[in-house]
Amino acid sequence: MSCNSLTNSPTLEKALSNFPSLQCLNIGCNKLTTIPKAVGTMKDLIWLNLFSNEIEVIDETVFAGLKQYFVPSMFAKSIRLSYNKIKKFPEVLCKMEYLQELHLAGNELTGTSKCVLDREMYIPLLLVVQSFSSIELISPIQSFYHSPFAISILTTKLFIIPIRNSIGD
């Protein structure tokens with residue numbers, strides 16, 4: 001469904017609601033301004049690509065419906081929201097304790113996302129952002145050695161935020 005100039009419409013909602021057991025959904029490179037509500041009813045969804053749309057605000061109730069991101073499972077869980085127009089970090093993403101990949105590069109983020117470091121995580125989280133200024137992680141770094149998190153900054157501006165491992169803690 002990617003790269004088809006899709007827009008938010010009742011037709012799209014109806015089409016997506018026919019697949020409640022879908023595991024992977026790629027609706028990137030379209031003209032969506034919001035995340036379709038039907039996404040929140042996909043009980044088996046583990047990979048969601050919304051890359052390069054026109055999404056400005058995240059309806060947190062849609063993500064709250066993705067219960068599989070809040071409980072353990074053997075499958076990796078990924079949300080790709082890069083290259084949209086998102087300005088505020090969606091707080092619901094911090095509550096998704098089993099989210100493993102979150103892509104937010106190329107957005108217009110201005111809010112603090114300290115919750116990424118403050119949340120209780122049970123698995124490592126790979127967070128892809130454009131720069132420290134687009135997502136404010138500077139202040140938590142100051143208390144880095146008192147935190148269970150490690151932050152690696154790679155030249156591609158990829159931030160890896162793993163939890164400490166339980167062996168030897």
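# Note on a predicted chain

1. **F51.** F51 counts as partly exposed because its relative accessibility is 32%. Buried here means under 20% relative accessible area, exposed means over 50%, and partly exposed lies in between (1.4 Å probe, protein chains only). F51 sits in the loop between β2 (47–49) and α2 (60–64).

2. **Basis of the values.** This is a predicted model, in which local features need pLDDT of at least 70 and side-chain atom pairs count only at pLDDT 80 or more, while totals for chains, interfaces and linings use all residues. Residues are numbered from 1 along each chain as its sequence is written, and side-chain values use heavy atoms, with hydrogens and water left out.

3. **Confidence.** pLDDT is the predictor's confidence in each residue, on a scale from 0 to 100. The chain averages 75, and 65% of its residues score at least 70. Where does pLDDT stay under 50? That stretch is residues 131–169. The model has 73 contacts for this stretch beyond four places in sequence. A contact means heavy atoms within 4.5 Å.

4. **Overall layout.** The chain has five helices and seven strands. These are DSSP runs numbered from the N terminus: helices are H or I with at least four residues, strands are E with at least two. Their order along the sequence is α-β-β-α-β-α-β-α-β-α-β-β. Of the 169 residues, 41% count as buried. Among contacts between residues at least 6 apart in sequence, 53% join residues at least 24 apart. The chain exposes about 8900 Å², with 59% of it from carbon and sulfur atoms. Such areas come from the Shrake-Rupley method with a 1.4 Å probe; for residues, only the protein chains shown count as cover.

5. **The aromatic pair.** How many aromatic pairs does a search of the whole structure find? It finds one. The ring centres of F51 and Y83 are 5.5 Å apart and the planes meet at 75°, so the pair is edge-to-face. Rings of Phe, Tyr and Trp (its six-membered ring) pair if their centres lie within 6.5 Å; planes under 30 degrees apart are stacked, over 60 edge-to-face, and the rest tilted. Y83 is partly exposed, at 42% relative accessible area.

6. **The nonpolar core.** The largest nonpolar core has 30 residues. Such a core is a set of buried Ala, Val, Leu, Ile, Met, Phe, Trp, Tyr and Cys residues joined through side-chain atoms within 4.5 Å. Which residues have the most contacts inside this core? They are I35, F63, I79, L81 and L93. The elements giving two or more residues to it are α1 (10–17), α2 and α3. The largest share, three residues, comes from α3. In soluble globular proteins, nonpolar side chains tend to be buried together.

7. **Contacts of L81.** Neighbours within four places in sequence are set aside here. L81 then contacts I35, L50, I58, F63, I86, L93, H103, L104 and N107.

8. L102 is buried at 1% relative accessibility. H103 is buried at 15%. The C-alpha atoms of L102 and R80 are 5.8 Å apart, across 22 residues of chain.

9. **Cysteines.** The structure holds zero disulfides. A disulfide here is a pair of cysteine sulfur atoms within 2.5 Å. C3 is exposed at 51% relative accessibility, while C29 is partly exposed at 31%. C24 is partly exposed at 47%.

10. **Positive phi.** Most residues other than glycine have a negative phi. C29 has a phi near 55°, a positive value. C29 is placed in the loop between β1 (24–26) and β2. Phi of S52 is also positive, near 55°. S52 lies in the loop between β2 and α2, and counts as partly exposed at 27% relative accessibility.
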